[in-house]
Amino acid sequence: LMIVGFLALAGCANPYAKSYKSLSNPEYIAAYRTAPAPAEPTLALGTNPVQDVQTYYENSYEALGFSMFSDELSTQQKAIEQGRVVGADLVVYYEPVYQRTNTQAVPVSLPTQQTVSSYGQATAYNNYGGSATAYGSSYGTVSGQQWTAIQVSRDSYFQTATYYVRTNQPLGLHFRAPTTAEAQALGTQRAVVITSIVRGSAAYQADLLPGDTILKADNLSVDQIPNV
């Protein structure tokens, strides 16, 4: 029973904290977030992590990080707790997806009690040759333990959440380095490929589009532009 209790306590740790991976530069977030971290982040339900991140980027959010793990079913509150720890404005929670059931034998110690009895007799003699015999019996219990195994089943679910802050970005765009094929086609690795545009930002007003390639800005190559 103690072993089963230990397994239950082990499941109390927050798996969203244990599996958390950071995606952002803390200095960048501190410089551009629009407001201090709230006491409690807002919760939203996500549908597709890849598509959702683009949507939130377009709406002035920056991803702080994400949690992703396969384990026993956790709760939305655990994801919110981790969002509070990392200072998120928004926690995008995804419904758990069942994966499998694992069954294992767990040893358990059970208390036992056994009743024992004893019997005795004694004979006494006097000086005149007489005798008397007494008989008696007693009962008691002996405590012990017996080990047995019980089958414990655990369902595993794929679970994930992403944590965001709202930012006021100077340019309003996200980008990545070019692939090898793209760099070969451009004839240079000194370039960035736009992945998303923040609505209403300077990049949006300039009519830049996801997929556009930037080689220079103010006659500076991208590796010479501060913060790029």
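Guide: Let us begin with Asn14, which lies in the loop between helix 1 (2–10) and helix 2 (15–18); helices (H or I, at least four residues) and strands (E, at least two) are DSSP runs, numbered from the N terminus. What is shown is a predicted model, in which local features need pLDDT of at least 70 and side-chain atom pairs count only at pLDDT 80 or more, whereas totals for chains, interfaces and linings use all residues. Residues are numbered from 1 along each chain as its sequence is written, and side-chain values use heavy atoms, with hydrogens and water left out.

Asn14 has a relative accessible area of 15% and is therefore buried; buried means under 20%, exposed over 50%, and partly exposed in between, with a 1.4 Å probe and protein chains only. A polar atom of the Asn14 side chain lies 2.9 Å from the backbone nitrogen of Tyr16. This is a polar contact, that is, a pair of N or O atoms within 3.5 Å; within protein, one must be able to donate a hydrogen and the other to accept it, and residues adjacent in sequence count only if both atoms are side-chain atoms. Apart from neighbours within four places in sequence, Asn14 is in contact with Lys78, Glu81 and Gln82, contact meaning heavy atoms within 4.5 Å.

Tyr16 leads onward to Gln159. Gln159 is found in strand 5 (residues 131–166), and because its relative accessibility is 0%, it counts as buried. Its partners, neighbours within four places in sequence left aside, are Tyr16, Ser67, Met68, Phe69, Asp71, Glu72, Leu73, Ser74 and Pro96. Towards one of these, Ser74, the side chain of Gln159 reaches the backbone nitrogen at 2.9 Å.

The confidence of the surroundings deserves a word. The mean pLDDT of the protein is 84, and 82% of its residues reach 70 or more; pLDDT is the predictor's confidence in each residue, from 0 to 100. Over residues 1–10 the pLDDT is below 50, and beyond near neighbours in sequence this stretch has eight contacts in the model. Where pLDDT is low, the predicted coordinates should not be read in detail.

Next come the aromatic residues. The whole structure contains seven aromatic pairs, where rings of Phe, Tyr and Trp (its six-membered ring) pair if their centres lie within 6.5 Å; planes under 30 degrees apart count as stacked, over 60 as edge-to-face and the rest as tilted. The ring centres of Tyr28 and Tyr32 are 4.9 Å apart with planes at 50°, so this pair is tilted. The two tyrosines lie in helix 3 (residues 26–32), four residues apart, about one turn of the helix. Tyr28 is partly exposed at 27% relative accessibility, and Tyr32 is likewise partly exposed, at 24%. A further aromatic cluster is formed by Tyr56, Tyr61 and Tyr164.

Tyr56 also belongs to the buried side of helix 4 (residues 49–58), together with Asp52, Val53 and Tyr57. Viewed down the helix axis, these buried residues fall within an arc of 135°, so they line one face of helix 4; the arc is that of the directions from the helix axis to the C-beta atoms. Val50 and Gln51 are exposed on the face turned away from that buried side. At the start of helix 4, a side-chain oxygen of Asn48 comes within 3.0 Å of the backbone nitrogen of Val50. In the loop between helix 4 and strand 3 (61–71) lies Ser60, with a positive phi of about 70° although this residue is not a glycine. Most residues other than glycine have a negative phi. Ser60 counts as buried because its relative accessibility is 18%.

Asp207 likewise has a positive phi, near 65°. Asp207 is found in the loop between helix 7 (202–205) and strand 8 (213–214), and is exposed, with a relative accessible area of 59%.

Of the contacts in the protein with a separation of 6 or more, 77% join residues 24 or more positions apart.
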